[in-house]
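Please open the structure in a viewer and keep the selection panel at hand.

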Amino acid sequence: MATTQATFEELKHAGLDEIDPDIAALLAKELERQRGQIELIASENFTWPAVLEAVGSVATNKYAEGYPGRRYYGGCEVIDEIEQLAIDRAKELFGAEHANVQPHAGAQTNMAVYAAVMEPGDTLMALRLDQGGHLTHGHKVNFSGRLYSVVHYGVSPETLTVDYDDVLAKAKEARPKVIVCGGSAYPRTVETDRFRAIADEVGALLLCDMAHFAGLVAAGLQPNPVEHCDFVTSTTHKTLAGPRAGFILCREEHAKAVDSAVMPGMQGGPLEHTIAAKATCFRIAMTDAFRSYQAQIRRNADALGEALLEGGLALVTGGTDTHLLLVDLRGSELTGKAAEERLHEIDVTVNRNTIPFDERSPFVTSGIRLGTPAMTMRGFDEGDFREVGAIICEALSESADLDGLRSRVAALCAKWPLYDGFRGYTHYA
């Protein structure tokens, strides 16, 4: 169809491949990329078909500034039911007193909490980015580092885990308004009970960013930070396997401040099609099947870690308690950047990542970050991940047979098809 010559009626009924064949072809190409690669980026996952359906639903048509029962637009009666379901399910899933499901992404969840209880210039305390934290935990190039006075804690040089005595000492000196625990590249359990004790001793509020391990929390495989924290923030697209978005949990005493910080303080109209998908994500996360999936994520992470160690690679902290592993390449001739590029050549997708006390720049790094959620979603078990570990070790060796390794990757992908039966982005017959 020549779009410029199409009639109004033709546009109303045409499929994507008819209206925009360029985008349809690129989306089909991306689908094939996902199908043909071993996806090990720890912050990515393959979501459920039901979530894809909700994200592409008619809820995208509705403007709904405000909250259920308190909208600035008419015609929100059904949208109110959708958003209230998402709220109620989030509260039930994590045992929270209050939930806000409107944040568009993880960064906005942290931004909203800070805005709810802090003024510019107040002190924020969090884990250093280069030792496992996140940009929104006070990095100087991020809004958090520009708006607030930031004190960072790190990990012990000996154990590479959080040094709680050091956290307490820094907290006593800085007297932060908010302490943040959790991060984006920390492979061990976040001990929120210990952070709670520190926060209480210095009169700070406690925020846990559980974006990476929320699915494990929902399945009861990691401690629930809601018990100890004033605020818990998360995305829905990592271990939770939902849409790309965020949500906030908090104690009832902070509910009004958080809601006001999100809207009108930070966002306008919520993305109700994505909120519908969040509701679906939370419902799936309440099932035994989801809990089994999360347990397999954990088993697979341990199997991958064991295979990497057996193959001669080093891991930060020697392993993981979660879905995430950090490979320390300082004993190798390869940088994190070079390792990422080498693995990309054989269709294994990872991301370079700093490791604690890294002497290389964040653009080069001395490590790579690996995660097991996406390929576990495809069906990979411990045996498959041991093969993945062997492939990675061989690929990063000096005598790597890249063609042979690429064939082994292709065999694993063929064994566990992704979105099997989905024909691609063509008009439905």
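What volume does the second largest cavity have? The second largest cavity has a volume of about 50 Å³. A cavity here is a set of points, on a 1 Å grid over the protein atoms alone, where a 1.4 Å probe fits but cannot get out. Grid points are joined across faces, edges and corners, and a volume is the space filled by probe spheres set on the points.

The model is a predicted one, in which local features need pLDDT of at least 70 and side-chain atom pairs count only at pLDDT 80 or more, while totals for chains, interfaces and linings use all residues. Residues are numbered from 1 along each chain as its sequence is written, and side-chain values use heavy atoms, with hydrogens and water left out.

**The cavities**

Select Leu-127, Tyr-153, Val-162, Tyr-164, Cys-181, Gly-182, Gly-183, Tyr-186, Val-190, Glu-191 and Phe-195 to display the lining of the second largest cavity; lining residues have an atom within 4 Å of a point. By class, this lining holds eight nonpolar, two polar and one charged residues. In this classification Ala, Val, Leu, Ile, Met, Phe, Trp, Tyr, Cys and Pro are nonpolar, Asp, Glu, Lys and Arg are charged, and the others, Gly among them, are polar.

Next, select Gly-183, Tyr-186, His-212, Phe-213 and Thr-322, which lie nearest the centre of the largest cavity among its 13 lining residues. The space in the largest cavity is about 80 Å³, and its lining divides into five nonpolar, seven polar and one charged residues. The count of cavities of 30 Å³ or more is two.

**The second largest pocket**

Move to Leu-129, Leu-135, Asn-353, Thr-354 and Pro-362, the residues nearest the centre of the second largest pocket, which has 19 lining residues. A pocket is an open set of points with protein on both sides within 12 Å along at least five of seven lines. The volume of the second largest pocket is about 520 Å³. Strand 14 (residues 351–353) gives the most to this lining, with three residues; helices (H or I, at least four residues) and strands (E, at least two) are DSSP runs, numbered from the N terminus. The lining of the second largest pocket comprises five nonpolar, nine polar and five charged residues.

**Salt bridges**

Return to Glu-191, whose side chain meets that of Arg-194 in a salt bridge (3.7 Å, N to O). A salt bridge requires a side-chain nitrogen of Lys or Arg within 4 Å of a carboxyl oxygen of Asp or Glu. Glu-191 is partly exposed at 30% relative accessible area, and Arg-194 is partly exposed at 39%. The terms are set as follows: buried is under 20% relative accessible area, exposed is over 50%, and partly exposed is in between (1.4 Å probe, protein chains only).

Select Arg-299 and Glu-382, whose side chains form a salt bridge at 3.4 Å, N to O. Arg-299 lies in helix 13 (residues 288–310) and Glu-382 in helix 16 (residues 382–395), so the pair ties together parts that are 83 residues apart in sequence.

Now select Asp-384 and Lys-415, a salt bridge in which the closest N and O atoms are 2.7 Å apart. Asp-384 lies in helix 16 and Lys-415 in helix 17 (residues 402–415), so this pair ties together parts 31 residues apart in sequence. Is Asp-384 buried or exposed? At 3% relative accessibility, Asp-384 counts as buried, whereas Lys-415 is partly exposed at 46%.

Arg-71, Asp-80, Glu-83 and Glu-272 may be selected together, as they are linked in a network of salt bridges. The whole structure holds 25 salt bridges.

**Backbone features**

Select Met-263 and Pro-264: the peptide bond between them is cis, with omega near 15°. Pro-264 lies in the loop between helix 11 (255–262) and helix 12 (272–285).

Leu-160 is in the loop between strand 6 (149–153) and helix 8 (164–174), and at 17% relative accessibility it counts as buried.

Finish at Arg-175, where phi is near 50°, a positive value in a residue other than glycine. Arg-175 lies in the loop between helix 8 and strand 7 (178–181) and counts as partly exposed at 47% relative accessibility.
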